[in-house]
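Dear colleague,

I am handing over the structure below for your attention. My notes on what was found in it follow, arranged by topic.

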Amino acid sequence: MTYDINSKGYYGEFGGAFVPEMLYPNVDNLQRSYKEIMYQPDFQEEMNQLLKDYVGRPSPLYFAKRLSEKYQTQIYLKREDLNHTGSHKINNTIGQILLAKKLGKKRIIAETGAGQHGVATATVCALMGIECIVYMGSVDIERQAPNVSRMKMLGAKVIPATSGSQTLKDATNEAIRDWIQHPVETHYIIGSVVGPHPYPDMVARFQSVISEEMKVQLKEQTGNENPDAIIACVGGGSNAAGAFYHYLGDEAVRFIAVEAAGMGIHSGESAATSVLGTKGIIHGSRTLLMQTKDGQIIEPYSLSAGLDYPGIGPMHANLINSGRAKAVSVTDDEALKAAFVLTRMEGIIPALESAHAFAALEKMKFNEKDVVVINLSGRGDKDLATYKKHFETYGK
Amino acid sequence: MANKLDQLFEKKQSDILNIYFTAGFPNLNDTGNIILELEKAGADLIEIGMPYSDPMADGPTIQDSGQIALENGMNLNLLFDQINSIKKQASTPLICMGYLNQVMQFGENNFIRKCKETGVDGLILPDLPLDIYESDYKNLFEENDIKICFLITPQTSDERIREIDRLSTGFIYVVADSSITGNSKGISPKQIEYFERINSMNLQSKKLIGFGISDAQSFKTASQYSNGAIIGSAFIRAIKNGQQDLNTNISNFISSILN
């Protein structure tokens, strides 16, 4: 069985490009050209140089000794938190800004939830001297204030999305509307493996550097390039897509996709799409999403702005639906607790999103010899205000 | 029963006035009344917006009206009931506009059957891709005589316009501006150049121009280059902010366009 995208842009029954005609020329152009452009030697050379010297890749693979003892298994952390700008998001924005330049685009738009993608986009726009507009839900602007300041300092214009739940879904709607109004000069840098084809595949390819490096690093450190399991958090799913990518065909490598259950899966305040979602269309892609029986999209909830999304990338919908990946749901409280465990045992403050992946360790049973890689997708500086509120509960 | 859209195009080829409104706005049960009043006031064609939580091709005015409609409790079953209740009194062709996910969740077969039963003549689904329409929907639509209307924009290539012309069974919705609905004023020379380019292609489909058509002047200009035009956001604003009762607001607005 193949888990790759087919020539029409589908992963099994999921994917495609369900966009209004106003976006068709841009999406069609990307579909025709993205692979050709991104695999040109000069493109690869420039991208790899930037990933090395500017981003700081390869990101380390770190054997977490104390965490391994606690959970009685061999835990390795892929340190995407150490990238420039503090998360995996920059892997994609470096790629897409170079692509936008090749396409002759003069203006960049992006959506952001936690602000990590917004910062990563604002960063590469500053680097290239290109105008940058970032759409961000009003609620997220409140709860991720440090990233808003960073984007502004980098010269980006941050526009609040005030409709709906005022979070990532609504920021994405506003970015799409902007693109509809400015189709010629603008490139839309989507931050996750969501949206119309070719975005899910394009973003997954730019993020695939994560698993490409993991193979080499695991071989060096354990003698085997394959781990037994990979754990990653999933909102739209870009860090998970990057961490799984080069292992898709190796069915012996287990994939664990960790979703945000918010206040609890059935609390009505959740973002656990694989459990609560049904098949439908969101942001131009046929996938699993949280919706009413009338097809109205349900506003999700997670304490973590980056996972607060009612859909899931079509690649993950297919992986979960086919049983290739196992979805695990983690509540706000479980994620907070896991963030403090990691911080106190390894001296690493994770992003609240990434903390969800660590909470899965409490819910899974691994053998002592199993090699388990957790993709530590981002660092927690942006979440200190949230963590601070819980010092009393979890910090003792 | 013959499709009312076909009948309209047989008897009228110019200055066709298509008015868009959002079902369930301003009040939940205004749908039937708005249709009857529009017909009385002189609209040739009525486009009923099916309110959606995430209307990516719509601007703020229509988006807000949809949000209010959803809060009012609007849903598709209710909409079909409302349309059905005035079926015998109304003879104006009706088009429903919405997003593919709504149709998918209602069930494609169910949805088309309901359209047929209640006298809906055609559909505009901006996010329905041409190839998916042709492979999955075309037969179903044709068997039930439900027309499909596709959009074109200034960026749509000639080759694709030909493809859209081949597959359109209702009319071609000529997007006047590459902008979302309700966001532009007047018609520019560049737009006229675009309309003339489309006209020179001698397409088989009827063409209605929409987006940015808001008053008598823009309606008149757009109609010179097509079979007529579509007004949406301006009408929504008129029934939202109008000084009079709903029916007077409707007739005043239509008079302001036609006179």
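I begin with one loop in chain B. Asp145(B) sits in the loop between H7 and strand S5 (147-148) of chain B. Its phi is near 55 degrees, which is a positive value in a residue other than glycine. Most residues other than glycine have a negative phi, and most peptide bonds are trans. Please bear in mind throughout that this is a predicted model.

Chain A has two cis peptide bonds to report. One runs from Arg57(A) to Pro58(A), with omega near 0 degrees; Pro58(A) belongs to the loop between helix H2 (41-55) and strand S3 (61-63) of chain A. Another joins His197(A) to Pro198(A), where omega is about 15 degrees. Pro198(A) lies in the loop between strand S8 (186-188) and helix H9 (199-207) of chain A.

The contact between the chains comes next. It draws on 32 residues from chain A and 32 residues from chain B. Together the two chains bury about 2700 Å², and 55% of this is on carbon and sulfur atoms. Of the area that chain A buries against chain B, 24% is supplied by Glu21(A), Met22(A) and Arg177(A), more than by any other three residues.

Between chain A and chain B there are two salt bridges. One of them links the side chains of Lys169(A) and Asp54(B), at 2.9 Å from N to O. On the side of chain A that touches chain B, the elements giving two or more residues are helix H1 (24-38), helix H8 (168-181), strand S11 (278-282) and strand S12 (285-289) of chain A. H8(A) provides the largest share of that side, with seven residues. By class, the side of chain A that touches chain B comprises 15 nonpolar, nine polar and eight charged residues.

The largest cavity has a volume of about 360 Å³. Its lining consists of 32 residues, and those nearest its centre are His88(A), Lys89(A), Leu168(A), Ser238(A) and Gly306(A). Strand S5 (107-112), helix H5 (116-128), H8, helix H11 (238-244) and helix H15 (352-359) of chain A each give two or more residues to this lining. The lining of the largest cavity holds ten nonpolar, 19 polar and three charged residues.

The second largest cavity has a volume of about 100 Å³. Residues of both chains line it, including Asn173(A), His283(A), Tyr52(B) and Asp54(B). Its lining divides into six nonpolar, four polar and two charged residues.

Finally, the largest pocket holds about 930 Å³ of space. Among the 39 residues that line the pocket, Tyr24(A), Asp28(A), Gln31(A), Asp131(B) and Arg160(B) are the closest to its centre. At least two residues of the lining come from each of H1 of chain A and helix H7 (130-143), strand S6 (150-152) and helix H8 (158-167) of chain B. H1(A) gives the most, with eight residues. The pocket lining is made up of 20 nonpolar, nine polar and ten charged residues.

With kind regards

Terms used
Residues numbered from 1 in each chain as written. Chains lettered and ligands numbered in written order. Predicted model: local features only at pLDDT ≥ 70, side-chain atom pairs only at ≥ 80, totals over all residues. Heavy atoms only, no water. Contact = heavy atoms within 4.5 Å. Buried area = accessible area lost by both parts, 1.4 Å probe. Salt bridge = Lys/Arg side-chain N within 4 Å of Asp/Glu carboxyl O. Helix = DSSP H or I, 4+ residues; strand = E, 2+ residues; numbered from the N terminus. Nonpolar A, V, L, I, M, F, W, Y, C, P; charged D, E, K, R; others polar. 1 Å grid on protein atoms, 1.4 Å probe; cavity = no way out; pocket = protein on both sides within 12 Å on 5 of 7 lines; lining within 4 Å. Points joined across faces, edges and corners; volume = space filled by probe spheres on them.
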